[in-house]
Amino acid sequence: NDVDSGSITENVYPGMITMTKTGEDNETLSGAEFVVYYKDKENTKHYAKILDGVVTGWTTEESEAGKITTGEQGTATINGLDADVTYYFKEVKAPNGYTINTSDEQAEWTEAGATAANRTGSVSMSDTKLASLPSTGGIGTTIFTIGGCAIMIIAAALFFASRRKSSK
């Protein structure tokens, strides 16, 4: 009962990464949703479970991952990341009027050293606007249907008129 087990001190330096979402003209975009993941040595993706912008755990199922959403300034911040891990951001929902960027972006740590207190990182991603589809079909087929019916009626009338004439 009187054994001194000593003490171990471990300094934890939570990293924070800020995602910036822009459009084609470098305007910031709000409403984009992302999942965050890292890859282990076997190349398995581990997705962050996120609550209020803070990592609360990890899962290998993307469907169980938490999402971060860009705000009015086009940025989203995630806290509680290990400063010596490479993280990737995958867009799962694009802002209205834009397409989803299908390439996952790697975050870059902005401070040197894996144990820097309050280490920060950044990542940015750009989306392209949805293209409007061209109008197809032209004037349609209605006018051609009416014209064809009119020609058939005239042909039938001429046929019966010529038949009547030849029988007299």
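Reader: In which sense do strand 7 and strand 8 pair, and over how many bridges?

Author: Two strands pair if DSSP finds at least two bridges between them. Strands are DSSP runs (E, at least two residues), numbered from the N terminus. Here strand 7 and strand 8 (residues 105-106) pair in the antiparallel sense, over two bridges. Tyr-88 stands opposite Gln-106 in strand 8. This is a predicted model: local features need pLDDT of at least 70, side-chain atom pairs count only at pLDDT 80 or more, and totals for chains, interfaces and linings use all residues. Residues are numbered from 1 along each chain as its sequence is written, and side-chain values use heavy atoms, with hydrogens and water left out.

Reader: How many bridges join strand 2 and strand 7?

Author: Five, in the antiparallel sense. Val-35 has Lys-90 in strand 7 as its bridge partner.

Reader: How many aromatic pairs does the structure hold?

Author: Rings of Phe, Tyr and Trp (its six-membered ring) pair if their centres lie within 6.5 Å; planes under 30 degrees apart count as stacked, over 60 as edge-to-face and the rest as tilted. The structure holds seven such pairs. The planes of Tyr-37 and Tyr-47 meet at 55 degrees, with ring centres 5.4 Å apart, so this pair is tilted. Tyr-37 and Tyr-88 are stacked: 5.3 Å centre to centre, 20 degrees between the planes.

Reader: Is Tyr-37 buried or exposed?

Author: Buried means under 20% relative accessible area, exposed over 50%, partly exposed in between (1.4 Å probe, protein chains only). Tyr-37 has 3%, so Tyr-37 is buried.

Note on methods
Helix = DSSP H or I, 4+ residues; strand = E, 2+ residues; numbered from the N terminus.
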